[in-house]
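Hello,

Here is the structure I promised to pass on. Please open it first, then read my notes on its aromatic rings below.

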Amino acid sequence: MSSTEQGTSSAAPAEPTTAPESAAAPEVPESFYYVHGKDKVVHKVSAGALQHSALIHGMISNLGYTEEQAKANPFPFENIDGDILQMVVDWCNQHKGKPTPPEDTNLPKQKEKLFDLVLAVNYLEIKELLTYCCKQVAMMVKGKSPEEIREIWMIPTDAEDEAAEKEAKKRAGKEAAGETAAAAGDAK
Amino acid sequence: MIITEMPEPVLDKIIEFSDFKAVLTLRQVCRDFLNFIDDLNDSKLPDSKLLTFGIRSDYTENNVIVCFMGPDDSFYRFVYSEVEKSRSFNGKTTNLKDEDIVDVAIRDLERILKFQKSTFQWSCFNIHQLFRRPKFPNLEVKLSNMFRKLNRKIKTEILDIMAYSQVGFMSILPFVDPETLKRLRLFSMNKTVRIEMNEIAETEQWKNAKSIYCYFYALKVTVDDICHFSNVFIKMLYISARVLDFLRETITSCSNIDFSRFKFEIPNENEEMSNLWGHAFITAYLGFTNYSWYFRMKNSKEKILLAEIRPTRTKTNICFENIESREVPNGAIVHDFKGNTILLW
């Protein structure tokens, strides 16, 4: 392992990274940024890996953070679950500076996790990963009947959907009536 | 999270990675998918890559039949029955209640054609109906309206249309992509029917096609209308010796003509023709006499134009064919393209 690789891979998140003096050709030290999801766990990710995300790449370009500022201000993604953000970070690290393969078989097979990943990836604008995820979602139902698709993707039938909508309206109506009554009581 | 609530770019991508059968199935999953797919721009739909397509009005059974063949030899056949008021597909029959079966057939056809981006190898419109009592009188008009709404020309290499009038052919022909059309075949149920061709011959589709076949008596077709084809079969009521000689001269003297075979069928024997270009090379075939002449082509030592007249009891076939010089029989005279004769053997 080269000293450059050691320098970046062994650096603790709290320590400032420095360019190794023994490097044959002087290279620009890699900069790191910090992100966290709903669980507030901070992930340290290199700018190279984050380039996959058009959203984060844009934020980095606009903010012009120094290393210290970046560390003090992790990008908050409160709408993304911690385990999903971890998956995204891992994928970005694995594919840092590499051409993306035509397929990715390491995506979650479970429908809920895959859908959450799709939403996160779409939000973070990671084009290649979104392509893999959407392909996997499409493959889940290839050759299936409408009934089987409803079951796999847990889609209610139109009749069930209408019934649920009616029920929700009824409930909302009742709640509104309750609130009006309470408000009238307060006014008295 | 329900999939239909996903952001639009995500749903677009999922559709992009589904094949056309899967997208048609998704339409049936729920109303949200149906609306989303029907509102999608055609360019976002996957290519159905169908090879052949046909629509047929079967007036004896009171059916309209729509068929497709896929790249994997898959075959799709939709039968719309006027009597049963139903649509049958894949062993499943749907009651159409009070709906017009032609409307349903054309709506289904439009839905499928929206997916087709590849070129069909072959498309067939058999919309011929009994002239005096058409079973589906609006089929042609409704097809035209559907193509107009689709706003995209159908790409097909071979186009077959069976109709009973120029109007019938013209309800389809202008909606076919002239750049991809190679072979145009026009049929009529009654082979003795006479149909004017002047409007058809004016279309880009006619002018760009390589082959034309007319299996009825074509009226108002001029030599200029057919010279660009490499293959022709046309039934005509009459063809003069002057026109035939003009065609012979055009074919032999034009260096860039992509000629292969012109065949005409006229209803009766014409005695004059046996001496059309002087002494003919005579052969007998199935009890009938064949009259042949051979002409040298300009700019080609290898190619010979064979002009052949084959009278039978009920009709005369006139054929111009591009052959190799080695195919000229012994004893036959090869005329040069200016009209002088050269003895080949």
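Start with A:Phe77. Its relative accessibility is 1%, so A:Phe77 counts as buried. Keep in mind that this is a predicted model.

What does A:Phe77 pair with? Its partner is A:Tyr123, and the pair is edge-to-face. The ring centres are 6.2 Å apart, with 80° between the planes. A:Tyr123 has 39% relative accessibility, so this residue counts as partly exposed.

Where do the two residues sit? A:Phe77 is in the loop between strand 3 (75-76) and helix 5 (82-94) of chain A. A:Tyr123 belongs to helix 6 (residues 111-124) of chain A. The pair therefore ties together parts that are 46 residues apart in sequence.

Now go to chain B. B:Tyr213 and B:Tyr215 make a stacked pair. Here the centres lie 6.4 Å apart, and the angle between the planes is 10°. B:Tyr213 has a relative accessible area of 19%. Buried means under 20%, so B:Tyr213 is buried. B:Tyr215, at 28%, is partly exposed.

Chain B also holds a cluster linked by ring pairs. Its members are B:Phe53, B:Phe68, B:Phe120, B:Phe125, B:Phe147 and B:Phe175. Over all chains, the count is 23 aromatic pairs.

Last, look at two lysines:
- A:Lys44 lies over the face of A:Phe32, 4.1 Å from the ring centre.
- B:Lys235 lies over the face of B:Tyr217, 4.8 Å from the ring centre.

Best wishes

Terms used
Residues are numbered from 1 along each chain as its sequence is written. Chains are lettered from A and ligands numbered from 1 in the order in which they are written. This is a predicted model: local features need pLDDT of at least 70, side-chain atom pairs count only at pLDDT 80 or more; totals for chains, interfaces and linings use all residues. Side-chain values use heavy atoms; hydrogens and water are left out. Rings of Phe, Tyr and Trp (its six-membered ring) pair if their centres lie within 6.5 Å; planes under 30 degrees apart count as stacked, over 60 as edge-to-face and the rest as tilted. Helices (H or I, at least four residues) and strands (E, at least two) are DSSP runs, numbered from the N terminus. Buried means under 20% relative accessible area, exposed over 50%, partly exposed in between (1.4 Å probe, protein chains only). A charge sits over a ring if NZ of Lys or CZ of Arg is within 6 Å of the ring centre and within 35 degrees of the ring normal.
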